[in-house]
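Biologist: Please take me through the terms used for this model, and set each value against its definition.

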Amino acid sequence: MFNTLESFDTKLSADSVEWCPIENFRDVFVCGTYQLTEADTDDEQELTQRLGKIYLFRVQNGRLNLLHSYEGAAVLDMKWAHTRICNKILLGIVTSKGILEIHELVDEWNPSLELIKKVQVEDSENSLSLSLDWSMGNAFDYNCEVNIVVSTSLGSICVFRLTNEGVEKLRTFECHEYEAWISAFDYWDSNIIYSGADDCKFKSFDIRVDTPLMMSKTHWAGVTSIHCNPRQQRSLASGSYDEYLRLWDTRKMRFPLSETNLFGGVWRLKWNPFDGKHLLAACMYGGFRIVDCENFERPQILAEYNEHSSISYGCDWSFLNSEELAQRELHYDLDRQVALVGTCSFYDHLLNLSIIDFSQ
């Protein structure tokens with residue numbers, strides 16, 4: 001079902017892949033990296049540094065083309081805004097220095113990223129920013145204001161508002177005892193956010209209220225991934241170090257609708273942007289999986305992808321449809337239902353571009 005088209009050595013350990021969802025730029029994506037290095041200080045004590053690099057690619061004429069690369073702090077997570085904000089294509093990035101960065105994709109003919117705003121998420125210099133999400137998942141008109149949620153290594157969840165004037169912190173939830181690995185918006189109600197952490201707790205909040213709406217201890221280990229389905233209302237997926245995918249109906253969050261063993265710690269979950277029925281899962285030491293979730297009570301693993309020899313961390317679907325993929329010479333049989341995905345892994349610093357053939 002997976003057909004590897006091309007591989008790229010990211011040099012530093014790769015942990016994040018995100019495809020641009022904006023029309024005319026859906027062949028553009030980014031890959032982020034995270035590298036721990038040790039340097040000697042003047043007193044000969046070892047100092048740990050977290051370094052990172054962001055690669056900006058475009059897929060053209062059947063090839064993976066590197067447009068630019070940017071060095072900086074280690075990248076923990078990245079997300080594109082799903083619509084233009086004030087007519088700008090924006091990418092949010094959170095880093096090991098506890099910074100939320102907003103980059104704009106500029107220059108239609110030779111795209112590059114330009115840093116336009118950044119903000120310290122927490123006051124502590126020891127805080128890492130671990131994940132982020134935008135308060136939209138569907139193609140609505142958000143004018144010039146949108147919210148962003150960021151989770152931190154201190155266990156907090158911070159909500160920001162992006163405006164023309166800058167980035168304003170709306171509020172902070174001190175909601176977890178250990179690292180809050182993941183935070184996510186409900187794309188059908190932007191007042192609702194979800195969080196998961198190393199304390200094994202899965203929570204939901206209304207950003208207008210101080211106390212949690214829900215707290216679940218269903219996960220047996222740290223909660224690492226949450227993704228609201230942008231195509232099916234009331235549909236939510238969560239993943240954990242306990243290796244299980246859990247599917248939820250957001251109207252009744254006491255228990256999940258199903259629990260499916262993916263045979264690897266579930267670091268990332270991404271809904272198929274076209275049908276909202278398939279999940280792409282990064283399963284750490286278990287490789288990558290495609291899961292058919294049309295029946296929420298009985299999900300089925302359709303395919304495994306084990307071409308990475310290290311921890312499977314980053315994955316995402318391209319927003320290019322089958323016809324657009326054929327135009328870019330990435331496949332040639334228009335009778336087949338196919339999708340393009342990017343996957344990346346850590347210690348082998350490997351980025352792969354693959355076609356998924358649903359007809360097989």
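Modeller: Strand β2 gives the most to the lining of the second largest cavity, with four residues. The model is predicted, with local features requiring pLDDT of at least 70 and side-chain atom pairs pLDDT 80 or more, while totals for chains, interfaces and linings use all residues. Residues are numbered from 1 along each chain as its sequence is written, and side-chain values use heavy atoms, without hydrogens and water.

Biologist: What makes a space a cavity, and what makes a residue part of its lining?

Modeller: On a 1 Å grid over the protein atoms alone, a cavity is a set of points where a 1.4 Å probe fits but cannot get out, and a lining residue has an atom within 4 Å of a point. The second largest cavity has a volume of about 30 Å³, a volume being the space filled by probe spheres set on points that are joined across faces, edges and corners. The residues lining the second largest cavity are Asp 15, Ser 16, Val 17, Glu 18, Asp 77, Arg 268, Lys 270, Gly 314 and Cys 315. Two or more of the lining residues come from each of β2 (14-19), β23 and β27 (312-317); strands are DSSP runs of E with at least two residues, and helices are runs of H or I with at least four, numbered from the N terminus.

Biologist: How many residues of each class are in the lining of the second largest cavity?

Modeller: Two are nonpolar, two polar and five charged. Ala, Val, Leu, Ile, Met, Phe, Trp, Tyr, Cys and Pro count as nonpolar, Asp, Glu, Lys and Arg as charged, and the others, Gly among them, as polar.

Biologist: How many cavities does this rule give?

Modeller: There are two cavities of 30 Å³ or more. The largest holds about 80 Å³, and of its 13 lining residues Lys 79, Ile 182, Ile 226, His 227 and Leu 269 are the closest to its centre. Its lining comprises six nonpolar, three polar and four charged residues.

Biologist: What makes a space a pocket instead?

Modeller: A pocket is an open set with protein on both sides within 12 Å along at least five of seven lines. The second largest pocket has about 380 Å³ of space. It is lined by 18 residues, of which Tyr 34, Leu 76, Trp 181, Trp 267 and Tyr 313 are the closest to its centre. By class, 12 of its lining residues are nonpolar, two polar and four charged.

Biologist: Why is Cys 20 called buried?

Modeller: Buried means under 20% relative accessible area, exposed over 50%, and partly exposed in between (1.4 Å probe, protein chains only). Cys 20 has 0% and therefore counts as buried.

Biologist: What makes a set of residues a nonpolar core?

Modeller: Its members are buried Ala, Val, Leu, Ile, Met, Phe, Trp, Tyr and Cys residues joined through side-chain atoms within 4.5 Å. The largest such core has 28 residues, and Leu 100, Trp 134, Ile 148 and Val 150 have the most contacts inside it. Elements that supply at least two residues each include β8 (90-95) and β9 (99-106). A second, separate core of 24 residues includes Ile 157, Ala 180, Ile 207 and Cys 228.

Biologist: How do you know that Arg 328 and Asp 27 form a salt bridge?

Modeller: The rule asks for a side-chain nitrogen of Lys or Arg within 4 Å of a carboxyl oxygen of Asp or Glu. The closest N and O atoms of Arg 328 and Asp 27 are 3.3 Å apart, and the pair forms a salt bridge. These two residues are 301 residues apart and link distant parts of the chain. Asp 27 is buried, at 5% relative accessible area.

Biologist: What do Glu 71 and Lys 53 form?

Modeller: They form a salt bridge, with 3.9 Å between the closest N and O atoms. Glu 71 lies in strand β6 and Lys 53 in strand β5, so the pair ties together parts 18 residues apart in sequence. Glu 71, at 68% relative accessibility, counts as exposed, whereas Lys 53, at 19%, counts as buried.
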